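Hi there,

Here is the structure I promised to pass along. Have a look at it first, and my notes follow below.

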Amino acid sequence: MPQMLSNNLRLVASHCISGIGRRPPSRLYVSGLSRLPSPWRRYTHDDASKSDNSPDGKSMACCPSDPETRARLTPPQSELERSRTPLLLPSQEPEVENESILLTKSPESRLQRFREAFEYPQASPEWSYKAGREVTVHGWLGKPRVKGSKLIFCDLSRDQGNVIQIVSSLHQKITSGSEELTDDRIEAHKSLRSIPAQSPVAVTGILEVRPRRVEETSVSDALPQYWDLKLNSIQCLNPFPNDIIVSQDAVWSPKQRHLQMRFDPLLRDRLRFRSSIAFRISKALRSLGFTEVETPMLFKSTPEGAREFLVPTRRAGYTYALPQSPQQYKQILMAGGVPNYFQFARCFRDEDLRADRQPEFTQLDLEMSFASGREVMTTVQSVMSSVFRFLHDHFVPTDVNGVTHPVHSSKKLGEFQVGSLRYPANLSVPVRTYDEVMSKFGVDKPDLRIPSDIVRIDSFLPTELVSMISKLKDPIVDAAQFRLQGSPSENLAFIREFMDNLPKTSLKFSGDSTPGVFVIDEAKPLNGLSAFGHEAAEKMAAVKGPHWHKLQDGDVLIVQARKKIPFHGEGSTDLGRLRKAIYDAAVEKGLLPRDHSFRFLWVTEFPLFTPNDPQNIAPGEGQGGRAGFSATHHPFTAPLSAKDFALLETDPLSAKADHYDLVCNGVEIGGGSRRIHIPEIQEYVMRHVLQMPQEGVDQFAHLLEALRAGCPPHAGFALGFDRLIAVLCDTESVRDVIAFPKNMKGEDMFVKSPTKVTDEQLATYHLKAS
Ligand code: ASP
């Protein structure tokens with residue numbers, strides 16, 4: 001079955017709609033479903049805010065309410081369609097469609113409904129398929145292809161997208177021999193025409209090997225057996241309603257997540273892919289001696305770092321909190337003598353939402369006792385390597401409507417190669433310190449696909465130029481370079497347009513410096529660097545480095561200033577953010593090649609603490625201490641060395657942490673740290689370094705108690721599983737790899753959560769002063 005599926009997916013991928021840009025607009029397109037295997041449909045998660053703006057708040061994919069538009073969108077009915085047999089679809093009138101079984105009037109009609117919808121033949125196992133054998137197949141009915149009054153073909157799509165073609169022929173010459181033209185067969189023929197497309201059905205018929213269709217021949221050698229099913233009987237299990245229009249341009253809003261899943265095979269395949277990677281990770285960890293342990297969802301509020309969701313209880317004045325991560329429980333497991341723990345844990349954080357953030361998300365959480373940070377990094381890397389080996393051996397990176405999707409395959413097939421470079425069999429992960437990445441890339445989660453590093457140039461810049469870009473006194477000035485594929489004038493036009501549109505983007509800047517933008521042009525004085533003056537222009541042209549090209553015609557140079565202070569836990573610099581945005585825009589415009597590789601990196605030696613940014617710290621975030629800073633990772637993170645331990649007393653903001661992040665292509669895939677396992681030190685950090693109030697420290701009493709009971713040294717890690725799958729599936733939003741995601745307002749538009757609390761609930765949970 002999986003083999004068949006992957007072949008179908010590949011075949012389908014090879015038919016992908018050509019000429020579609022890589023990133024489709026934020027819409028979901030569903031192409032015609034009349035034939036299966038149907039093409040992968042163009043899909044991006046629909047931004048809820050957009051769909052919410054539809055005038056009536058209803059889905060755009062639903063049948064329009066005005067009869068005229070509805071008539072325009074509904075395909076014309078043929079004579080045959082109009083003469084539908086009433087047996088399986090008593091009426092197409094919406095009122096009747098909506099009538100529930102409970103409301104049907106007579107016991108007989110209820111029994112009739114039961115027979116139609118609940119009693120149906122079991123499917124025959126696929127291993128029993130053989131030409132000439134009668135089998136029953138379950139699936140979703142496609143649109144019938146009616147070839148005159150006596151011949152119908154119709155595709156039946158089954159689990160994982162594979163397809164059987166139903167053939168119903170009333171021609172005597174074909175149905176000669178033992179296959180008599182019985183009344184039942186004539187009835188089945190009629191039903192095949194009348195059952196609405198997209199309905200779930202049980203079909204019984206005789207299997208026949210089907211000759212391949214023309215479009216299937218290019219990859220024919222590796223295709224699985226294709227079957228025709230000569231129809232004997234068909235039962236509709238729940239007619240697809242006629243007010244849901246499945247058309248080429250249907251746009252499913254998040255309110256129709258079920259339809260989005262149903263008609264977007266790419267979304268379904270991502271969910272399948274996610275499940276297989278979870279299985280792989282679980283297998284790899286078990287083989288390394290890890291035990292899966294579940295920890296409670298109903299936890300308590302503690303100032304670990306993120307703002308929490310509270311769960312009211314019926315006990316006046318008491319709440320649970322949903323865990324922002326199982327951090328404290330996993331440390332308690334270490335104290336409890338469970339040495340190597342893992343769990344796919346659901347975590348909850350009440351944070352501002354972004355494309356790669358959900359209020360609830362899944363982490364692969366792990367912890368190891370008697371282990372150092374380095375040992376945890378080695379373990380995580382070995383698990384990731386086994387994931388990539390699995391990808392390398394079984395998946396084909398396939399361009400599906402502009403995204404590089406991992407299509408499962410167990411065979412080499414035509415132009416597609418299993419084991420391509422996109423999924424390297426051996427994963428190499430360089431290690432860089434936080435200070436290094438901040439100065440070289442301007443961000444703590446660098447995208448190593450961006451070709452050149454940032455270089456520092458203030459040593460030779462004239463003060464006039466510096467004061468043109470910044471009011472800072474004696475700042476650091478950095479430069480970033482882009483070797484674009486256009487001519488100097490094309491590159492200039494690109495960067496001009498980019499900078500002009502910058503205020504419209506969501507990029508935020510400190511205001512410390514305006515970026516200086518230069519395009520190297522040999523036709524201009526000083527090659528376009530006249531603002532530098534002779535000497536500095538020469539020095540700029542002579543800058544060399546392992547990841548810096550000597551400047552040449554057409555290069556774009558961005559120069560930006562920043563304060564001359566050490567990095568203190570911030571995530572990026574102005575130039576770092578700008579550099580990434582320019583890279584993405586240049587790739588989008590075709591001015592830089594799209595790099596399909598996965599570039600992993602460990603970032604280590606983060607500052608143990610980060611100053612609180614009064615503009616960025618919200619109530620409920622951080623540890624609530626009076627020190628003016630918070631733990632960069634969380635308050636349980638150990639200092640990196642004895643020197644850093646000593647700095648806790650004298651200069652805590654300079655102390656480094658044994659904290660490590662795993663980064664891939666500019667995305668923080670996960671993070672972890674060595675923990676403080678000595679209770680006195682943990683309490684000292686909370687009480688004296690962070691200056692948490694007594695109530696804050698008390699909230700961690702259970703943890704201190706666990707550490708006190710001879711808890712061994714331990715370290716751990718959590719991998720953002722949604723993000724990892726999104727990166728592997730080449731999709732920008734984690735919502736594309738989550739079955740039921742929430743929108744940017746934290747709402748699930750399908751179930752319509754959150755809901756308003758009722759007065760009764762307010763009273764039950766003591767949320768209202770009585
Ligand atoms: N609990 C941490 C987090 O959720 C991960 C860890 O330190 O293991 O980021």
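Cys664 is buried, with a relative accessible area of 0% in this predicted model. Cys236 is buried too, at 4%. As a reminder, a disulfide is a covalent bond between the sulfur atoms of two cysteines.

Next, some backbone features in loops. Ser753 and Pro754 are joined by a cis peptide bond, with omega at about 0°. You will find Pro754 in the loop that runs between α21 (721–728) and α22 (759–764).

For Gln198 the value is about 80°, and for Asn401 it is near 50°. Gln198 sits in the loop between α7 (183–194) and β5 (200–209), while Asn401 belongs to the loop between β12 (395–400) and β13 (403–408). Are these two residues buried or exposed? Gln198 has 12% relative accessibility, and because the cut-off for buried is under 20%, it counts as buried. Asn401, at 6%, counts as buried as well.

α7 has 12 residues and reaches 17 Å from its first C-alpha to its last, close to the 16 Å expected at 1.5 Å a residue. Which residues of α7 are buried? They are Arg185, Ala188, His189, Ser191, Leu192, Arg193 and Ser194.

Finally, a pair of helices. Two packed helices are described by the angle between their axes and the distance between the axes. For α18 (residues 679–689) and α20 (residues 701–708), the angle is about 150° and the axes are 8 Å apart. Angles over 145 degrees count as roughly antiparallel, so that is how α18 runs relative to α20. On the α18 side, the contact involves Pro679, Gln682 and Glu683; on the α20 side, Leu704, Leu707 and Arg708. By type, the residues of this contact divide into three nonpolar, one polar and two charged.

Note on methods. Residues numbered from 1 in each chain as written. Predicted model: local features only at pLDDT ≥ 70, side-chain atom pairs only at ≥ 80, totals over all residues. Heavy atoms only, no water. Helix = DSSP H or I, 4+ residues; strand = E, 2+ residues; numbered from the N terminus. Buried < 20%, exposed > 50% of the residue type's maximum accessible area, 1.4 Å probe, protein only. Expected span 1.5 Å × (residues − 1). Axes fitted to C-alpha atoms, helices over the stretch in contact; angles between N-to-C directions. Parallel < 35°, antiparallel > 145°, perpendicular 65-115°, else oblique. Contact = heavy atoms within 4.5 Å. Nonpolar A, V, L, I, M, F, W, Y, C, P; charged D, E, K, R; others polar.
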